[in-house]
Structures are given as structure tokens and as C-alpha cells.
Amino acid sequence: MKIIIDTPEKIAELAAERYVELLNRKPNAVLGYATGSTPLGLYAQLAKLNAAGKLTFKDATTFNLDEYAGLDGTHEQSYRYFMNKNLFEHIDIPMENTHVPSGTDTAHAGDYDKAIAAAGGVDLQLLGIGHDGHIGFNEPGTPFGSITHVVDLTPMTREANARFFTSIDEVPTQAVSMGMKTIMNARQIVFIALGKDKAEIIKKMIDGDVTTEVPASILQLHPNCEVFLDHDAASLL
Ligand code: F6R
């Protein structure tokens, strides 16, 4: 892992440069995207660079990490809706090239890995981290060999995400998520963590053992993973 510590603004710029480099080298790259608060600065930056002609997504393909079970793409809290509103509608990607796991047809979740493989595999995967160390929605205990699967969300994750819903009761109890193996198969990873509330888990992820109890700790083993941290998230290192 290569660790880069900077301001959130600069991190958005530096992370966006990775997309410029990749898409200029490989215009039909496969991009793995994440939702949540963390990538919003990067997504704004990508839209800005796209509008300025510094990169194009017209031949790119995308696969998102996860989706809530039970929500279809028109639901305002679905991750499909989030991606459309926060990125896809602001860049030149053909909507048919974008993929988010289905939240309503969860019986064949593993087929998502087949679709990723058929597209050539993920070139650049973006990741954030949950307070319990989850990446995607792979909660502590998820086997490192897992592929895309249905997961039970922990009370901690449901509580963290309740801020987007009117009450915690509305937060789904399950999600579909790329597995740990799916994520580790990406050729390059851009990981971002911002804020003091992430400092403790960042310390465990970087300085602790590689263990399924801290899913993100597996990134210590990835051959091409950059970890972008703001000063707050890096404050316990
Ligand atoms: C979202 C995802 C999650 C988030 C994590 C952090 O697609 O896979 O692992 O990255 O929960 O969320 P934020 O960025 O809201 O702190």
C-alpha cells in the first residue's frame, strides 16, 4: 500500500489524476465505483475534468461495489440513483455501460462476477471504508475468498447510513456486495478515507494484522493500492 496524506480537496484532485492517466492510456477501461460521502469530491472533480475535455468516459464500463437489497434503481436511497445523480448524469458515459448490482433480483448475485470478468476485469477500483472496516458491504468475518453475495448489514453500518433515510427502520437490513476476492482482483485500487471518525479503523487497517475481522486490512496484500487519507483520518498513524 502506498499512503498519501493531504487535504480532502487535494485528495480529490490526486485521485482524479489516476482516472486521467488510466483513461488516456486505456479509453475502454473498466472502473469500479463506490457510493457514500467519501467519493463526492472525487466525482465532482471527474465531472469537471470531463467537461474540460481532459478525459472521456465514452468507451469506459463501470461496475459499482454494492446496492441495498429491496431497493430498485428509482428509490432515492438506492445506490443506482446515487450514482446517476452524483456522477453518471454529469459525465459522458453511455448509461448502458454502467452496472450496479440489482437490489431486487438478488438470487443470482454471483453472476455479477461473471459480468465483470466478461468485461475484462476491473482496471481501477475505488473504495471507502466503514467504521467497522468494511469495504463494499463486506462486514467483519466475510471470507477473503468471497465473490458478489448477499450480506446482512450490521447494526453499526445501518446506523451510520441512517443519516440518508428518514429513520433507521427504513434502512434495509441486507445488501448485495462485490466480495473480497472480487475487490482484490482489481488491477489498481484507489482507497479514500476522510475524517476523524475513520482514524481508529485506519490505524487497524494499516498497522494491524491482516484479518477478516478488519476486512480492509486485506488491502495490505494488494500489489497496486494507493491509500489517500486526510490529516484527520491519518491522525492515529
Ligand atoms: C459504498 C461502500 C461502503 C462505503 C463506506 C464508507 O458503496 O461500498 O463501503 O465506502 O461505508 O461510507 P462513507 O463514504 O459514507 O463514509
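Accessible areas come from the Shrake-Rupley method with a 1.4 Å probe, and for residues only the protein chains shown count as cover. With that in hand, here is the surface of our chain: it comes to about 10,200 Å², and 51% of that belongs to carbon and sulfur atoms.

Before going on, a word on where this comes from. This is a predicted model, so please bear in mind that local features need pLDDT of at least 70, side-chain atom pairs count only at pLDDT 80 or more, and totals for chains, interfaces and linings use all residues. Residues are numbered from 1 along each chain as its sequence is written, and side-chain values use heavy atoms, with hydrogens and water left out.

Let's look at the whole chain. It has seven helices and ten strands; helices (H or I, at least four residues) and strands (E, at least two) are DSSP runs, numbered from the N terminus. Along the principal axes, the C-alpha atoms fill a box of roughly 40 × 40 × 35 Å. Does the chain's radius of gyration agree or disagree with that of a compact globule? For 237 residues such a globule would have a value near 18 Å, and the chain has 16 Å, which agrees. That radius is taken over C-alpha atoms, and the globule rule is 2.2 Å times the number of residues to the power 0.38.

Now, what share of the 237 residues is buried? The buried ones make up 54%, where buried means under 20% relative accessible area, exposed over 50%, and partly exposed in between (1.4 Å probe, protein chains only). Contacts, meaning heavy atoms within 4.5 Å, are also worth a look. Among those between residues at least 6 apart in sequence, 78% join residues at least 24 apart.

On to the inside. In soluble globular proteins, nonpolar side chains tend to be buried together. We call a set of buried Ala, Val, Leu, Ile, Met, Phe, Trp, Tyr and Cys residues a nonpolar core when they are joined through side-chain atoms within 4.5 Å. The largest one here has 62 residues, and those touching the most other members are Leu31, Tyr33, Leu46, Phe57, Phe191, Met205 and Leu219. Helix 1, residues 8-25, gives the most to this core, with eight residues. There is also a second, separate core of ten residues, which includes Phe137, Val151, Phe165 and Ala175.

Stay with Phe191 for a moment. Leaving aside neighbours within four places in sequence, its contacts include Leu127, Ile129, Ile202, Met205, Leu219 and Phe228.

Strand 9, residues 188-193, also holds Gln188. Is Gln188 buried or exposed? At 13% relative accessibility, Gln188 counts as buried. With neighbours within four places left out again, Gln188 is in contact with residues including Arg18, Asp123, His222 and Glu226.

Next, find helix 3, residues 79-86, where Tyr79, Arg80, Phe82, Met83 and Asn84 are buried. Which elements do these buried residues pack against? Among them are strand 2 (30-33), helix 2 (40-51), strand 5 (98-99) and helix 5 (155-161).

In strand 5 you will find His99, which is partly exposed, with a relative accessible area of 27%. Beyond four places in sequence, His99 is in contact with Thr61, Thr62, Phe63, Asn64, Arg80 and Tyr112. Its C-alpha atom is separated by 9.3 Å from that of Ala115, 16 residues apart along the chain.

Val122 lies in the loop between helix 4 (111-118) and strand 6 (124-127), and at 4% relative accessibility Val122 counts as buried. Glu170 lies in the loop between helix 5 and strand 8 (174-177), and at 44% Glu170 counts as partly exposed. How far from Glu170 is Glu9 in space? The two are 32 Å apart, C-alpha to C-alpha, and 161 residues apart in sequence.

One last stop is Met180, in helix 6 (residues 180-184). At 0% relative accessibility, Met180 counts as buried. Thr148 is 32 residues away in sequence and 8.2 Å away in space, C-alpha to C-alpha. Outside four places in sequence, contacts of Met180 include Ile135, Asn138, Phe144 and Ile218.
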